[in-house]
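Colleague: I would like to learn how to read a few features of a model. Please take them one at a time, general idea before particular case.

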Amino acid sequence: MKTWKCIVCGYTYDEAAGDPEHGIAPGTPWAVVPDDWACPDCGVAKGDFEMVEI
Amino acid sequence: MIAPIVIVGSGLAGVTLARELRKLDTAVPVVLIAADTADFYSKPMLSNGLASGKTPAQLVSAPREALAAQLGIEIRAGVTVDAIVPTARRIETSAGPVSYAQLVLALGAQPIRLPIDGDGAGEVLSVNTLADYARWRDRLLGARHVALLGAGLIGCEFANDLSAAGIGVDVYDIAPQPLGRLLPPGAAAAFRTALEGAGIAFHFGVGIARVERMGQGYRITDSSGSVRKADLVLSAVGLRPKTALAQGAGLRVGRGIGVDRLLATSAADIYALGDCAEVEGHLLPFVMPIMQQARALAKTLAGTPTAVHYPAMPVVVKTPACPTVVCPPPPGSVGEWREEACIDGVRAIFADRTGKTLGFALVGAIAAKERQTWARQVPPLLAA
């Protein structure tokens, strides 16, 4: 499981945790997160996230 | 030669616009003009980067050259714009005239400074840019105690960041509570208690009247006459949109540069977005509105006129001592706050007489998790 980070606000998307509040189940790999998903903290588009080294 | 789209300002608004535009049009020439270095950095982290040990360089996610290459745009850094000549579709800059097909003003805002007496008043810091942050981090070296003017959103984030980094902080605000009108009284009290629990000292109903140099630090006198010491003084009392350039060119200016929902100013082919723009009366210096604006304006510039729409846009207050989300009711809303205590905070809902939710404030980690549930019930600020 990987972690991705918002380039603007630093929010991290953890594949293990998902984003259940926005309909992304725990364990959802980044590649499967829909393209119209946006950072829940600041609204940055999925395409503008970066992968965090883990 | 085709005149380019010229964007003035390399903050989140200007760069996000360029990024969104390139998703739609890879060919149109884009020139971005910036007074600063034009390195792209995380703005929200300026007020919470200390405790996490972020150096100014670590907040930069794309240095200028990388950004220009990544977006396929030309960036002219260290260049100031002195005037706009709308009739000639030209701007006058410190590096000479530049013609534009369309001009976008993404100028940002400057920190409001309240009048303060004393020989140390000129050394009071404000932090609204990466360069400010570098200066702030520099001056903080060795500081044990900070006096902070302003208990609004940014002031409280700085206060929490300082206390989490082990630095003492006195926060002054003329208001009776933290976060001003974003919170009803019960929610504000819970928020205050949580931040006080993290070691932050609040002084409400008073401002900073005098700052005098004393040894390596300062002697602070508040407006009630109480005196305290601090190694550094930070002011965070809000932002004022940069409107002088637009005003000088005869554009319509209110509190910000006046734009319609296409983000068009009163002059042909001149647009504005971000913290400098007043969109149909709304001045919202937050990230989410900028994202909405950049996406709409990119479509417009790519040939499909697109009105910006604002869904309900909750704002996260980055205070780890008390995670909080606010979604204030639109100005002029008629209704009432209803507050309920949660295990670690307060859930406050603003509803009209028919029970329709118009805004909310969720204070504490447990309540803050309900953000999406409540955001779904709030009508859009500017409907699609």
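Modeller: What follows goes through confidence, a sheet, a hairpin, a helix and some salt bridges.

Modeller: This is a predicted model, in which local features need pLDDT of at least 70 and side-chain atom pairs count only at pLDDT 80 or more, while totals for chains, interfaces and linings use all residues. Residues are numbered from 1 along each chain as its sequence is written, chains are lettered from A and ligands numbered from 1 in the order in which they are written, and side-chain values use heavy atoms, with hydrogens and water left out.

Colleague: What is the mean pLDDT of chain A?

Modeller: pLDDT is the predictor's confidence in each residue, from 0 to 100. For chain A the mean is 88, and 96% of its residues reach 70 or more. Among the elements of chain A, the lowest mean pLDDT, 79, belongs to strand β3 (residues 49–52), and the highest, 92, to strand β2 (residues 12–14). Such elements are DSSP runs numbered from the N terminus: helices are H or I with at least four residues, strands E with at least two.

Colleague: In what order do the strands of the open sheet in chain B lie, and is the pairing parallel or antiparallel?

Modeller: Strands of a sheet pair through backbone hydrogen bonds, either parallel or antiparallel. Two strands count as paired if DSSP finds at least two bridges between them. Here 5 strands of chain B form an open sheet in the order β5-β2-β1-β9-β20, with parallel pairing. Its edge strands are β5 (74–77) and β20 (270–272) of chain B, each pairing on one side only. Within the sheet, β1 (residues 5–8) and β9 (residues 102–105) of chain B are joined by 4 bridges, and B:Val6 stands opposite B:Leu103 in β9(B).

Colleague: Which strand of chain B runs antiparallel to β15?

Modeller: Strand β15 (residues 217–222) of chain B is joined by 4 bridges to strand β16 (residues 227–230) of chain B, and the two run antiparallel. B:Ile220 faces B:Arg228 in β16(B) across the pair. The hairpin has 4 residues between the strands, and B:Gly225 in it takes a positive phi near 100°.

Colleague: Which residues of helix α5(B) are buried?

Modeller: Buried means under 20% relative accessible area, exposed over 50%, and partly exposed in between (1.4 Å probe, protein chains only). The buried residues of α5(B) are B:Ala187, B:Ala188, B:Phe191 and B:Leu195. Seen down the axis of α5(B), they fall within an arc of 100°, taken from the directions from the helix axis to the C-beta atoms, so they line one face of the helix. On the other side of α5(B), B:Pro185, B:Thr193 and B:Gly197 are exposed. After α5(B) comes B:Gly199, with a positive phi near 100°.

Colleague: Which residue forms a salt bridge with B:Arg213?

Modeller: A salt bridge is a side-chain nitrogen of Lys or Arg within 4 Å of a carboxyl oxygen of Asp or Glu. B:Arg213 pairs with B:Glu123, with the closest N and O atoms 2.4 Å apart. B:Arg213 lies in strand β14 (residues 208–214) of chain B and B:Glu123 in the loop between β10 (109–111) and α3 (130–140) of chain B, so the pair ties together parts 90 residues apart in sequence. B:Arg213 is exposed at 51% relative accessibility, whereas B:Glu123 is partly exposed at 24%.

Colleague: What separates B:Arg135 and B:Asp132 in helix α3 of chain B?

Modeller: About one helical turn, as B:Arg135 and B:Asp132 are 3 residues apart in that helix. Their salt bridge has its closest N and O atoms 2.9 Å apart.
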